[in-house]
Amino acid sequence: MIEQFTEDDVLAVPAERVVAAIRRAGADPRTLERSAARSGFQAPGGELLLMPAADERLTGVKIATIAPDNPDKGLPRVQGVYVLFDSSTLTAVAVIDAVELTAVRTAGVSMVGIAALGGARGRTAIVGTSVQARAHLRLLVELGWCKDFTIHGRRAEAVEELAAYGRSLGVEARAGTTADLETAGVVICCTSASTPVVPDTLAPDVIAVAVGSHTPTAAELPAGLFKDAQVVVESKTAATTEAGDVIQAVAAGTLAADAAVELGAVLRGDVPIDPTKRRIFKSVGMAWQDLAVATAVFESEISERG
């Protein structure tokens, strides 16, 4: 029987379990080899994306669609499903809502990156007001890592809505200013912007996270921010082909072409982190991360059933 998991089922998985699953997979040196690159197919209404990955127990593929005109039709811009298979027989075992899975996965990867770079401290500035921004705020609160947030965005209404959501979780949250960005301990960018959304004057020991783009022409972080920074990426191959923030910093000469290190190396203790430096984690989203979270959702259901 194929199990069905809704967005509520995905949200029900504790943040600690999500982060542990991603950290465990990220530290495994075999993981990147078992994760295929994102592939896209142009359809009449937009783009169809496929992201497959496998491990010894489970194999999965995310099938997602991006339809730019959907909001005008009252429909979601991003939709999709995640299909999970038993690795030994390739029998389908589960279908999971991919929209919430992606939100939780992206935020979970950021949490792993933040912890690897020294951990959250002080106030967190969240740039963006999307589903991704909401997921990042929720996980930070659920993990108990931050109780003070500033929210930054283009629309005051959306900023206040996200800040109110934060306050409903029992933390301080308010609309932020440029000065708040420059003094935050952690800055997380969750936007669809193609040009930088923060200044290059963030604190000299800030942890800056960018998750909003996965194309060479889009960058949420300015190239100047990378000067003398310690930069961590999920995969050097993905970073040099998809991470516009990294690609543009290299082109500008503020980041050496071989300077970025992979998250796995940091998680395994192969690369030390300098907490006195500005630290940047750039994520483009990879198939192995979806599999890690899908597995956590599936196993959570199994454990609940005994």
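R121 is partly exposed, with a relative accessible area of 37%; here, buried means under 20% relative accessible area, exposed means over 50%, and partly exposed lies in between (1.4 Å probe, protein chains only). This is a predicted model, where local features need pLDDT of at least 70, side-chain atom pairs count only at pLDDT 80 or more, and totals for chains, interfaces and linings use all residues. Residues are numbered from 1 along each chain as its sequence is written, and side-chain values use heavy atoms, leaving out hydrogens and water.

R121 forms a salt bridge with D205, with 2.9 Å between the closest N and O atoms. (A salt bridge is a side-chain nitrogen of Lys or Arg within 4 Å of a carboxyl oxygen of Asp or Glu.) R121 sits in the loop between α3 (98-116) and β7 (124-127), and D205 in the loop between β10 (186-189) and β11 (207-210), so their pairing ties together parts 84 residues apart in sequence. Helices (H or I, at least four residues) and strands (E, at least two) are DSSP runs, numbered from the N terminus. D205 is also partly exposed, at 27% relative accessibility.

What about K62 and D290? Their side chains meet in a salt bridge (3.3 Å, N to O). K62 belongs to strand β4 and D290 to helix α10 (residues 287-305), so this pair links parts 228 residues apart in sequence. Both K62 and D290 are buried.

The whole structure has 13 salt bridges. One of them joins the side chains of R34 and E56 (3.1 Å, N to O). Salt bridges with shared partners connect D28, R30, R34 and E56 into one network.
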